[in-house]
Amino acid sequence: MNHHVVTGAGPVGSTVALQLAEQGEHVALVTRSGSGPEHPLVERRRADVGTPGALDAVLEGAVAVHHCVHASRYDAATWRAELIPTEQALLAAAGRAGAVVVFPRASTPMAGWPGR
């Protein structure tokens, strides 16, 4: 059994966490509220992913972190303000832990997606 970290418990994060757990993988699901789906192999953790160092403990021994956090609004200014610092903190933590980072995304362009 491998240890995976999933950030965000929206539709994508919850689906990724449950799919991993159904395959027998241990999952730490990280949200600011500590919410998420219940499953024996899903450990719900409370942390702000955008805070430098907040993921260090949960990433210990992780093979991968699946980054499923999204911005609070669909516009370029909000994305720059929220996603860039969050992704920088996540990438730094994953680098320290030696974990692979996975950025799930839609396979087709989404309406309203900035730059599309």
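1. Ser-14 lies in helix H1, which spans residues 11–22; helices here are DSSP runs of H or I with at least four residues, strands are runs of E with at least two, and both are numbered from the N terminus. The model is predicted, so local features need pLDDT of at least 70 and side-chain atom pairs count only at pLDDT 80 or more, while totals for chains, interfaces and linings use all residues. Residues are numbered from 1 along each chain as its sequence is written, and side-chain values use heavy atoms, with hydrogens and water left out.

2. Ser-14 counts as buried because its relative accessibility is 14% (buried is under 20% relative accessible area, exposed over 50%, partly exposed in between, with a 1.4 Å probe and protein chains only). Leaving aside residues up to four places away in sequence, Ser-14 touches Gly-8, Ala-9 and Pro-37, a contact being heavy atoms within 4.5 Å.

3. The largest nonpolar core has 14 residues; such a core is a set of buried Ala, Val, Leu, Ile, Met, Phe, Trp, Tyr and Cys residues joined through side-chain atoms within 4.5 Å. Strand S2 (26–31) and helix H2 (76–97) are the elements that give two or more residues to this core, and H2 provides the largest share, 3 residues. Apart from this core lies another, of 9 residues, including Val-16 and Val-42.

4. The whole structure contains 1 aromatic pair. Tyr-74 and Trp-79 form this tilted pair, 6.4 Å centre to centre with 50 degrees between the planes (ring centres of Phe, Tyr and Trp, the last by its six-membered ring, lie within 6.5 Å; planes under 30 degrees apart are stacked, over 60 edge-to-face, the rest tilted). Tyr-74 is exposed at 52%, whereas Trp-79 is buried at 16%.
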